[in-house]
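I opened my notebook beside the model today and looked up a handful of side chains. Here are my entries, in the order I made them.

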Amino acid sequence: MNIDAFISYSHKDSKIIDGLIESLEKDISIFIDRENIELGNDWKEKVELGIDGSLCTIVFITKNSIVSEAILYELNTVNEQLEL
């Protein structure tokens, strides 16, 4: 997978970050769940592949994201891959 950036965010913040993501997509390739993970896919496996196949991870930290189990999983996955 040749992706420039994996995007980590809380769905509760979609209104806030949608414009930022649209701007990013004009210049770089991104992995974002709503475009790269289909219903029924093993989301953890897809997240791991997305992070592993990306040059960097962009994390939108908000009050919603810091309490999200999915974001915590993504951050732990990034940390594990950095330790390799």
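This is a predicted model: local features need pLDDT of at least 70, side-chain atom pairs count only at pLDDT 80 or more; totals for chains, interfaces and linings use all residues.

**Lysines in a helix**

I started with Lys44, which I found in helix H3. Helices here are DSSP runs of H or I with at least four residues, strands are runs of E with at least two, and both are numbered from the N terminus. Residues are numbered from 1 along each chain as its sequence is written, and side-chain values use heavy atoms, with hydrogens and water left out.

Lys44 has 37% relative accessibility, so I logged Lys44 as partly exposed. My scale: buried is under 20% relative accessible area, exposed is over 50%, and partly exposed is in between, with a 1.4 Å probe and protein chains only. I also checked Lys44 against Ile21: they are 23 residues apart in sequence and 21 Å apart in space, C-alpha to C-alpha.

Lys46 lies in helix H3 too, and is partly exposed at 28% relative accessibility. From its C-alpha to that of Asp33, 13 residues away along the chain, I read 8.5 Å.

**The salt bridge**

How many salt bridges does the structure hold? I found one. The term asks for a side-chain nitrogen of Lys or Arg within 4 Å of a carboxyl oxygen of Asp or Glu. Here the side chains of Arg34 and Asp18 meet, at 2.9 Å from N to O. The pair links distant parts of the chain, 16 residues apart: Arg34 sits in helix H2 (residues 33-36) and Asp18 in helix H1 (residues 14-27). Arg34 is partly exposed at 40% relative accessible area, and Asp18 is partly exposed at 27%.

**Ser68 and its loop**

Is Ser68 buried or exposed? Ser68 is buried, with a relative accessible area of 18%. I located Ser68 in the loop between strand S3 (54-59) and helix H4 (69-82). A polar atom of the Ser68 side chain lies 3.2 Å from the backbone nitrogen of Ile71.

Val67 lies in the loop between S3 and H4 as well, but counts as exposed at 67% relative accessibility.

**Surface patches**

Patches take residues with over 30% relative accessible area and no salt bridge, joining like charges within 9 Å and nonpolar side chains (Val, Leu, Ile, Met, Phe, Trp, Tyr) within 5 Å. Val67 forms a nonpolar surface patch with Ile61 and Ile66, with about 360 Å² of accessible area together. That area comes from the Shrake-Rupley method with a 1.4 Å probe.

Which residues gather in a patch of negative charge? I listed Asp42, Glu45, Glu48, Glu80 and Glu83. Glu45 belongs to helix H3 (residues 43-52) and is partly exposed, at 43% relative accessible area.

Technical notes. A polar contact is a pair of N or O atoms within 3.5 Å; within protein, one must be able to donate a hydrogen and the other to accept it, and residues adjacent in sequence count only if both atoms are side-chain atoms. Lys and Arg count as positive and Asp and Glu as negative; His and the chain ends are not counted. The place of a charge is taken as NZ of Lys, CZ of Arg, CG of Asp or CD of Glu.
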